Protein chains: 2
Amino acid sequence: MNRTGVLIVISGFSGAGKGTLMKRLMECYDNYALSISMTTRAPRPGEENGVHYFFVDKETFEKTIAEDGLIEYASYCGNYYGTPRAYVENCLSEGKDVILEIEIQGACKIREKYPDAVLVFVTPPDGAELEKRLSGRGTETDEVIRTRLQRAIEEAEGIENYDYIVVNDELDRCMEDIHAIVRAAGCRMKESVSRIESISDELSSYLKGEKE
Amino acid sequence: MNRTGVLIVISGFSGAGKGTLMKRLMECYDNYALSISMTTRAPRPGEENGVHYFFVDKETFEKTIAEDGLIEYASYCGNYYGTPRAYVENCLSEGKDVILEIEIQGACKIREKYPDAVLVFVTPPDGAELEKRLSGRGTETDEVIRTRLQRAIEEAEGIENYDYIVVNDELDRCMEDIHAIVRAAGCRMKESVSRIESISDELSSYLKGEKE
């Protein structure tokens, strides 16, 4: 049976542990493909081109926009971030469930273009835990942390746009929640309604005596 | 965390194996409660009162209707079938996920009264398989089988009312689909939106310097 994959958008508070979650999901199940974003921001230490992001210059990014090569893009803190179209659409047509880790602006654009996409928001259990995680990284200044907290508040304002909220209090439980959400999405009525119609037709033929 | 349970309606073609599925689900997971219907039809061989159904007379059934003691009821082939309210609502408030195995008429009534209920339709993989299963029971006359096939066609006409369709080609895979659907339902945005709002408030207080 050649099913189309599910498109999953994962967003959430900075510091909610999205990266670790996605990594764990990819380790445990083989039906997922993780989309790699294109960005004009500079790589952070340890980030690799083609692994964490496709790092490109502004000119290349804008050329890709012009060629309709991105399914969504947004600018944030003076840099572009976008999702290359080809990889996502190829994986979906191969039946892979494709994960996009993007923020609220992008998530809303995805919903417009792909109404069947599933939008998941990841949150730590509470605000104190979130503050702790953001401060705990130890690599950011107080000002950056405050900017992130401000940004988190803004992110939360779009929460009604999401289909699901998963609480990342325990990594594997949270990962299994996401996996269940994707599995359920594959069972949505629209995915199989044609099967039911064809069973009905078959039964009708049988009742009319057209077949034994 | 005191979550309210999920109300799950399971319908599907006669012969789709719903009974076996429910039994397997109850064996494998302990978060479920299976609602027992009340009916005025006579018990079949092997059916026990309080296990398969609550078998009552017409007068008792109509008294229960008058007392608003059923969350839905319908009549089918000259008999009443209904879902007693108390058991369902007690289990839900205890956080149990409650399964109702009812047909399309009842499912639509549940959807009206419990908009958050999840409606799942179970189907065999194809019409030939369904005919085989219905005939294969060996306990029914040709006429009964034809009536069931006719009924199956009618059931399928309400398919757009369901949220999910699960294909019962392999028992455990299908059971895990249903379990994923219920798990996902517990993560729906509405279930946790208040958590996000309270995190936002906490972060705002922090930024305003009202707490450290």
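## Aromatic pairs and ring contacts

A search of the whole structure, a predicted model, finds 16 aromatic pairs over all chains. Rings of Phe, Tyr and Trp (its six-membered ring) pair if their centres lie within 6.5 Å; planes under 30 degrees apart are stacked, over 60 edge-to-face, the rest tilted.

Two of these pairs are tabulated here.

| Pair | Geometry | Centre to centre | Angle between planes |
|---|---|---|---|
| A:F13 and A:F121 | edge-to-face | 5.1 Å | 85 degrees |
| B:Y76 and B:Y81 | tilted | 6.2 Å | 45 degrees |

A:F13 sits in the loop between β1 (7–12) and α1 (18–28) of chain A. A:F121 belongs to strand β8 (residues 118–123) of chain A, 108 residues apart from A:F13. Helices (H or I, at least four residues) and strands (E, at least two) are DSSP runs, numbered from the N terminus.

Both A:F13 and A:F121 are buried. Buried means under 20% relative accessible area, exposed over 50%, partly exposed in between (1.4 Å probe, protein chains only). B:Y76 is partly exposed at 31%, whereas B:Y81 is buried at 18%.

In chain A, ring pairs join A:Y53, A:F55, A:Y76 and A:Y81 into a cluster.

Charges also sit over rings (NZ of Lys or CZ of Arg within 6 Å of the ring centre and within 35 degrees of the ring normal). B:R151 lies over the face of B:Y76, 4.3 Å from the ring centre.

Local features need pLDDT of at least 70, and side-chain atom pairs count only at pLDDT 80 or more, while totals for chains, interfaces and linings use all residues. Residues are numbered from 1 along each chain as its sequence is written, chains are lettered from A and ligands numbered from 1 in the order written, and side-chain values use heavy atoms, without hydrogens and water.
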